[in-house]
Amino acid sequence: MKKVYINSIASISAQKTFDNTRFLEEICSYAETVLPVVSPNYKDYILPAAARRMARGIKMGVVASKLALEEAELENVDAIIIGTGMGCVRDSEKFVSAIIDNDEQYLTPTSFIQSTHNTVGGQIALGIGCKGYNFTYVHSSNSFESSLLDAKLMLQNDEANTILIGGVDELGAHTTELHKVVNHVKKNIENSLDILKSNTEGAVFGEGANFFTLGNEKKSSTYAEVIGIKMYNTLKSSISDLAKQFITSQKIAIAHIDLVILGNNGDVTFDGNYNELSSELFANTQQVYYKHLCGEFNTASSFGFWLASKILKNQHLPKVTKLNNINDSSFKYVLLYNQYRGKNHSFTLLRKC
Amino acid sequence: MEALKQELKENIIEQLNLEDISVAEIGDNDPLFGDGLGLDSIDALELIVMLDKDYGIKLTDPKEGKVIFESVEVMANYISANRKK
C-alpha cells in the first residue's frame with residue numbers, strides 16, 4: 001500500500017490563518033459566544049459574477065481550496081472529498097424561511113440551488129474543471145474525518161494520486177439561535193480564549209474552512225504523513241481503552257506519542273473524555289487544544305488537523321495552544337482526538353516526514 | 001413611472017445580490033442580459049418570481065421574459081400596464 005502525505009494546507013478561521021506564512025502569532029480573542037471568521041478578501045479569488053450567489057461557506061471553501069492547490073502547485077486533482085456537518089445552512093435557512101413567509105409561493109431558485117450540502121464540492125470542481133470523484137460526507141462531527149478516511153483509502157490503494165479534502169461549515173443565524181435555546185452555546189463568555197476556565201455548559205460556536213491536498217508521493221511542500229484514523233459513533237468501552245487499542249493497532253506505543261491535540265470546547269458536561277485522556281493516559285505527554293481559537297462546529301477538527309500539520313512541519317508549537325506544562329520540543333508522532341457532545345469520537349495519527 | 005423604475009432597480013440589486021452595482025449605474029435603457037448587467041437564466045427565474053410576488057403578474061410562458069426583461073424601462077412599462085398589486 002502507498003503512503004499518504006499532507007502536501008498542502010489552507011485555513012480560514014476566526015484567527016488570521018488564511019495567511020499561511022504566519023502561525024498563530026497574532027491572536028484574536030472575542031467577548032462573544034459565536035465567533036465569525038477573519039475573512040480574506042474573497043474578491044481576490046472569486047469573480048464577482050460567481051461570488052454574488054455564494055454564501056460565506058461556499059466562499060470560504062472555494063478560497064481555501066484555491067490556497068491549498070496553489071501551495072501544492074496543482075491545477076487539478078484526481079478527486080475532491082468534502083466534509084460538512086450542516087452544509088450551506090444559510091441558504092437552507094433562506095429557502096425554508098421563504099417557504100414559510102410566502103405560504104409556499106414565490107420560491108426563488110438561487111437559495112435552493114446553493115443550499116445543498118455538496119454545493120462547495122461542486123463549485124470547486126466547476127472552478128478547476130475536475131471531472132473526477134466528488135463526494136461530500138455529512139456525518140455530523142465526524143464529517144471531516146470521513147473525508148480523510150475516504151481519501152486515505154483511495155491514495156493507499158493507488159486509486160488516485162492527488163486528492164483535495166476539506167472541512168467546511170458556516171454559521172446560520174437561525175440555526176445558531178436554536179442551539180442557544182437548547183444551551184448548546186454558552187450563555188456568555190468574557191474572553192473566548194478562556195473557554196476551559198468557564199466551568200459552564202455549552203460551547204463557543206464558530207465556523208471555518210480547512211482544506212488540504214493529500215497525495216501518495218512526498219513533495220518539498222509536504223507537512224506530514226497520515227498514519228491512521230478511526231471513528232466511533234458511540235463509546236462501547238472507555239476512551240482510554242480505545243486510545244490504547246488505536247495506538248497499538250498502528251504498531252507504536254503510548255510513549256511514542258510526542259503530542260496530543262484535544263478538541264476540548266469547555267463544555268463541563270461533555271469534556272470528561274478529554275479530561276480522562278489528558279489526566280491519565282497522556283498525563284506525561286505534551287498536550288494542546290484549539291477550539292478556543294476557532295470555536296466549535298461540526299468540522300472544527302479540521303482546524304486541529306491544520307494545527308497538527310503546521311506543528312509537524314515547523315516543529316514549533318504556538319504558546320496559545322498549550323494545555324499542560326510539558327515542553328517537548330521535537331514532534332514525530334501527533335495524535336488528535338475529537339468528539340462533540342459525547343458522540344462521534346475520532347482518533348487521527350500523523351507522523352513527521 | 002420614475003418611482004417604479006427606481007423601485008425596480010433597487011429590487012434587482014437586492015434580489016440578484018449585485019453587491020458592486022448602485023442604482024445610479026443602471027440606466028433605464030441598459031440591457032439587463034448579455035452585454036448590459038450580464039444577468040443569466042437563473043436571474044430570469046428570480047425576476048419572474050419578483051413580478052409575481054411584488055406586482056401580481058404571472059408569466060405563464062418563460063419566453064415572454066426575454067422581451068419583458070429587456071431593460072428597466074421595458075419592465076416598468078409592462079408592469080404599469082399589467083400589475084394586479
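Student: How many residues of chain A are in contact with chain B, and how many of chain B with chain A?
Tutor: In this predicted model, for which local features need pLDDT of at least 70, side-chain atom pairs count only at pLDDT 80 or more, and totals for chains, interfaces and linings use all residues, 13 residues of chain A are in contact with 15 residues of chain B, where contact means heavy atoms within 4.5 Å. As to conventions, residues are numbered from 1 along each chain as its sequence is written, chains are lettered from A and ligands numbered from 1 in the order in which they are written, and side-chain values use heavy atoms, with hydrogens and water left out.

Student: Which element gives chain A's side its largest share, and how do the residues divide by class?
Tutor: Helix 4 (residues 109-114) of chain A gives the largest share of the side that touches chain B, with three residues; helices (H or I, at least four residues) and strands (E, at least two) are DSSP runs, numbered from the N terminus. That side of chain A divides into five nonpolar, three polar and five charged residues, where Ala, Val, Leu, Ile, Met, Phe, Trp, Tyr, Cys and Pro count as nonpolar, Asp, Glu, Lys and Arg as charged, and the others, Gly among them, as polar.

Student: Switching to pockets, how much space lies in the largest one, and which residues are closest to its centre?
Tutor: The largest pocket holds about 650 Å³ of space, and of its 27 lining residues the closest to the centre are Lys94(A), Ser111(A), Glu14(B), Gln15(B) and Asn17(B). On a 1 Å grid over the protein atoms alone, a pocket is an open set with protein on both sides within 12 Å along at least five of seven lines, a cavity is a set of points where a 1.4 Å probe fits but cannot get out, and lining residues have an atom within 4 Å of a point. Grid points are joined across faces, edges and corners, and a volume is the space filled by probe spheres set on the points.

Student: What does that lining consist of?
Tutor: Helix 3 of chain A provides the largest share, six residues, and the lining divides into seven nonpolar, seven polar and 13 charged residues.

Student: And what about the second largest pocket?
Tutor: About 320 Å³ of space lies there, and its lining divides into twelve nonpolar, four polar and three charged residues, with helix 5 of chain A giving the largest share, five residues.

Student: How many cavities are there, and how much space is in the largest?
Tutor: The search of the whole structure finds four cavities of 30 Å³ or more, and the largest cavity holds about 70 Å³. Its lining has seven nonpolar, four polar and one charged residues, among them Phe144(A), Glu145(A) and Tyr290(A).
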